[in-house]
Amino acid sequence: MKSIRLLFFLLLPLLGCTTVDADVEVVPVLEWDGEALTLNQDVMRNGQSLRFTEISFYISDVHVLQGNSKSNPQSINLIKNGQGRFGVVLPQSINPDTFYFSLGVPSSFNDSSGSLAKPAWQYGDENPLSAAQNMYWSWKPGYIFMKLEGRIDLDGDAQYISAGETFSIHTGLNSLLRTISLANPSNQIAPKYALKMDLARLFDGYDLQGAGLNVHAMSSQDADFVRAEYISNRLSNAFYALEPLP
Amino acid sequence: MPWNPYLKLLGLFWVLMSCNSASNPSFETDLDSAAWVELGKSLFFETAWSKNGDVSCAHCHRPEFGFSDTLPRAGGNAFGVPARNIPSLLGVSRKTLLNWDGGVRSLEEQALIPLHAEGDFGLPPAQSLQRLQGKDYLEKWGYSLNLRTAVTALARFQQTLTLPEPVMDKHYQIGLEWFQNQNCQQCHAGPSFSDGKFHRLKAVKTSADLGRYRITGIPQDSFAFLTPSLCTSWLSPPFLHDGQAQNLNEAMQAHGLELSQGEIQLLELFLQRLAGMAAEPPS
């Protein structure tokens with residue numbers, strides 16, 4: 001512990017000299033049909049009531065472009081149950097018109113062959129990539145990129161107690177890593193943005209019943225891979241805007 | 001307020017502190033080999049891991065059955081993970097890939113499977129760990145348990161579970177000779193009688209369980225499963241990855257072999273010897 005404190009105080013003056021033109025904080029904001037969404041809140045879809053009990057996902061490789069180069073190194077952030085935020089470090093003299101990020105874990109950390117990536121159990125429990133975050137497949141190497149779990153009133157009895165009235169959609173796999181780009185809504189850089197994610201847009205056209213209720217495609221050979229791919233392909237619609245925050 | 005350098009400084013301080021605590025250095029530096037094994041053994045038989053408080057690792061990996069069980073299948077879930085025959089843990093440290101499909105690379109990773117919201121214990125790891133706080137075997141060290149320490153200890157304990165010592169009597173020698181003549185050692189090779197590779201049995205052509213294919217995506221791996229060690233087979237029937245073979249005769253048929261009653265008895269005596277048992281054949 002002493003050595004860590006010493007390192008901190010040694011780094012202090014160096015950090016004080018660091019100059020950053022603009023640091024941006026991004027806060028994901030969950031919505032359903034354009035309205036704020038919280039966990040365990042009832043929402044309507046195609047005449048059926050549903051509620052989310054877990055909404056967790058990784059956001060990584062947040063960057064802007066400077067010429068043909070990415071602005072800052074990869075970062076991996078876990079937004080758990082809708083809570084979390086992440087930062088963008090901007091290079092000097094740049095006023096980007098577009099922000100980029102990936103939904104998921106980059107392949108260098110998600111090596112399904114298991115030979116290259118650091119095993120999830122070796123990370124400290126607080127690390128976003130630790131298996132303790134409950135976002136690791138376990139049965140094979142690799143991370144769950146997004147978890148959407150909840151309850152759905154399939155029989156219309158205004159309750160969620162009948163058998164099968166739950167849903168659990170887990171996506172992952174390197175082939176389902178999706179890069180999302182969002183325009184900066186103004187020609188100025190704001191210090192803080194809301195990243196709007198509308199889950200109704202994510203589920204648009206998705207058959208949320210039967211086999212669509214439980215999707216856990218750990219492999220592209222799994223029968224539910226097509227559904228995981230559908231959801232993954234909707235991500236660029238679901239993450240629909242950046243809005244400056246005061 | 002902008003996300004300015006001062007906040008970043010605080011963030012860095014938090015990261016440094018959390019890195020320090022997450023690595024749990026006291027636990028990891030204070031335990032010697034024997035203590036790691038002792039801790040792992042306590043965790044292996046601990047039922048507080050599970051949602052209902054009644055399931056431990058030993059629930060399926062029962063010591064009296066070679067750290068396996070006698071059910072055909074267990075461990076599957078509603079999320080596409082197939083139920084399979086529980087493998088023995090004896091000699092598990094010899095394996096480079098674990099599970100019937102080789103989807104797991106280490107004992108530490110293997111320990112994550114039940115410690116998972118959708119796993120056998122039915123709780124997220126953080127909740128499972130919380131339930132263990134205050135246990136005597138943890139209190140004596142004075143440190144809280146984290147996931148990395150837990151799976152490391154579980155792995156250290158399992159590494160001590162060695163294969164049975166074979167009984168090398170005449171039945172062993174006769175069985176081994178027959179075994180070699182039948183070319184069984186093409187797959188059941190080496191000291192553990194497993195080549196550590198994946199093969200598709202003749203009788204297992206199609207099923208819902210895709211085997212190794214689900215891990216590699218290589219079509220040739222369809223319905224291929226890891227060659228089990230024969231040193232422990234006799235301890236925990238039924239046999240094969242899905243427990244479909246209730247007896248040795250059915251297991252041989254799955255291999256595409258029709259054996260005489262005499263050959264079956266010879267093989268039974270051989271497998272008993274591999275498992276360290278020296279029962280004489282019935283007269």
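Buried means under 20% relative accessible area, exposed over 50%, and partly exposed in between, with a 1.4 Å probe and protein chains only. Keep that in mind for this tour of a predicted model.

Residues count from 1 along each chain as its sequence is written, chains are lettered from A in the order in which they are written, and side-chain values use heavy atoms, without hydrogens or water. Local features need pLDDT of at least 70, side-chain atom pairs count only at pLDDT 80 or more, and totals for chains, interfaces and linings use all residues.

**Select chain B.** Of its 283 residues, 48% count as buried. Chain B has eleven helices and two strands; these are DSSP runs numbered from the N terminus, helices being H or I with at least four residues and strands E with at least two.

**Colour by pLDDT**, the predictor's confidence in each residue, from 0 to 100. Chain B averages 87, and 88% of the residues score at least 70. Now pick residues 15-25 of chain B: here the pLDDT is below 50. Beyond near neighbours in sequence, this stretch has 22 contacts in the model (heavy atoms within 4.5 Å).

**Select residues 33-44 of chain B.** This is helix α3, with twelve residues. Which residues of α3(B) are buried? They are A35(B), W36(B), L39(B), G40(B), L43(B) and F44(B).

**Select T232(B).** It sits in the loop between β2 (225-226) and α10 (248-254) of chain B. Why does T232(B) count as buried? Because its relative accessibility is 8%. Show its partners: T232(B) touches S88(B), L90(B), L163(B) and P164(B), not counting residues up to four places away in sequence.

Conventions: The expected span of a helix is 1.5 Å times one less than its number of residues.
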